[in-house]
Each structure stands twice: as C-alpha cells, then as structure tokens.
Amino acid sequence: MVRALIHMPKTARAGEVIEIRALISHPMESGYRPGADGKAVPQDIIRQFTCKYEGEQVFAAELHPAIAANPYIAFFTVATVSGTLEFTWSGDNGFSQTERMALAVTP
C-alpha cells in the first residue's frame, strides 16, 4: 500500500472556493530507464486521478510517463454541501488507491 497525503479544509462556508492538494508516493517508472542489469525497468505509472464530491466528479487528470515520481496535484472546487470527497489514483499493473475526506459545509 502506498501513502497518500491530502490537504483540504475540514470546514467551509456554502459557496466558498476551496483548494485541495493531493500527493501520492509512487515511483512512476517510465519504462525507458535502464536498471542495474542494463535492461529497461518495466513501466509502472499512475494513469488517472479523479476526485468525486458526493459522487459527482469535480476533477480528473490523465497522467503520462513524463510525470515525476510522487505526483502532486492541486485544484479548486466550490463547497456546496457537507459530504465526502473521494480521491482515486489508478494505473499500471492493477494499481488503484482510494482515499476519502469529509467536508463540513456551513450556511
């Protein structure tokens, strides 16, 4: 299991724009780098990141081999209702990681 760090406010006012920052530990091997034996290290990258707010997708990113290890993503969304944000990273070799964070919205 990999480590994911998500920074976002725990509370917000209705209609407030909030910043969300997500980082996940992952080697992001491009498949082009030679290993100790001279052969290319097999490709192993995160292909997609999505964020859903109460089941509705609010952000998505498609990642490629040129992305550095431990990809960091920052984006904004509008706080509308109290609920859960679900962050999902998926990639090569069946990799999938999902994290959930609660957001309390006040009127």
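**From one residue to the whole chain**

Colleague: Which residues does phenylalanine 87 touch?

Modeller: Leaving aside residues up to four places away in sequence, phenylalanine 87 touches Ile6, Met8, Ile20, Phe49, Thr50, Cys51, Phe75, Gln97, Thr98, Glu99 and Met101. Please keep in mind that this is a predicted model.

Colleague: And which residues touch the most other members of the largest nonpolar core?

Modeller: That core has 25 residues, and those touching the most other members are Ile20, Phe49, Leu85, Phe87, Trp89 and Leu103. Two or more core residues come from each of strand 1, strand 3, strand 4 (46-53), strand 6, strand 7 and strand 8.

Colleague: How much of the chain is buried?

Modeller: Of the 107 residues, 34% count as buried, where buried means under 20% relative accessible area.

Colleague: Let us turn to the strands. How many helices and strands are there?

Modeller: The chain has 0 helices and 8 strands.

Colleague: In what order do the 5 strands of the open sheet with mixed pairing lie?

Modeller: Their order is 2-8-7-4-5. Strand 2 and strand 5 (56-62) lie at the edges with a single partner strand each, so one side of each has no neighbour in the sheet. On average, neighbouring strands of this sheet are turned by 25° against each other, direction ignored.

Colleague: Where does the parallel part come in?

Modeller: Strand 2 (residues 11-13) pairs in the parallel sense with strand 8 (residues 96-106), over 3 bridges. Within that pairing, alanine 12 has valine 105 in strand 8 as its bridge partner.

Colleague: How many bridges join strand 7 and strand 8?

Modeller: There are 8 bridges between strand 7 (residues 83-91) and strand 8, and the pairing is antiparallel. Threonine 84 stands opposite alanine 102 in strand 8, while tryptophan 89 has glutamine 97 in strand 8 as its bridge partner.

Colleague: What lies between those two strands?

Modeller: Strand 7 and strand 8 form a hairpin with 4 residues between them. In the turn, asparagine 93 has a positive phi of about 60°.

Colleague: What about the sheet of 3 strands, what is its order?

Modeller: The order is 1-3-6, in an open sheet with antiparallel pairing. Strand 1 (4-7) and strand 6 (72-78) are at the edges, and each has a single partner strand, so one side of each is left without a neighbour in the sheet. Neighbouring strands here are turned by 20° against each other on average, direction ignored.

Colleague: Which residue in strand 3 stands opposite histidine 7?

Modeller: Arginine 21 in strand 3 stands opposite histidine 7. Strand 1 and strand 3 (residues 17-24) pair in the antiparallel sense over 4 bridges.

Colleague: Where do side chains point in a strand, as a rule?

Modeller: In a regular strand, they alternate between the two faces of the sheet.

Colleague: Now the overall shape. What does the C-alpha trace span?

Modeller: Along its principal axes, the C-alpha trace spans about 60 × 20 × 20 Å. The radius of gyration of the chain is 16 Å, whereas a compact globule of 107 residues would have one near 13 Å.

Colleague: And the surface and contacts?

Modeller: The chain exposes about 6,400 Å², of which carbon and sulfur atoms supply 53%. Among contacts between residues at least 6 apart in sequence, 58% join residues at least 24 apart.

Note on methods
Residues are numbered from 1 along each chain as its sequence is written. This is a predicted model: local features need pLDDT of at least 70, side-chain atom pairs count only at pLDDT 80 or more; totals for chains, interfaces and linings use all residues. Side-chain values use heavy atoms; hydrogens and water are left out. Two strands pair if DSSP finds at least two bridges between them. Axes are lines fitted to C-alpha atoms, for helices over the stretch in contact, and angles run from 0 to 180 degrees between N-to-C directions. A nonpolar core is a set of buried Ala, Val, Leu, Ile, Met, Phe, Trp, Tyr and Cys residues joined through side-chain atoms within 4.5 Å. Buried means under 20% relative accessible area, exposed over 50%, partly exposed in between (1.4 Å probe, protein chains only). Contact means heavy atoms within 4.5 Å. The radius of gyration is taken over C-alpha atoms; the globule rule is 2.2 Å times the number of residues to the power 0.38. Accessible areas come from the Shrake-Rupley method with a 1.4 Å probe; for residues, only the protein chains shown count as cover.
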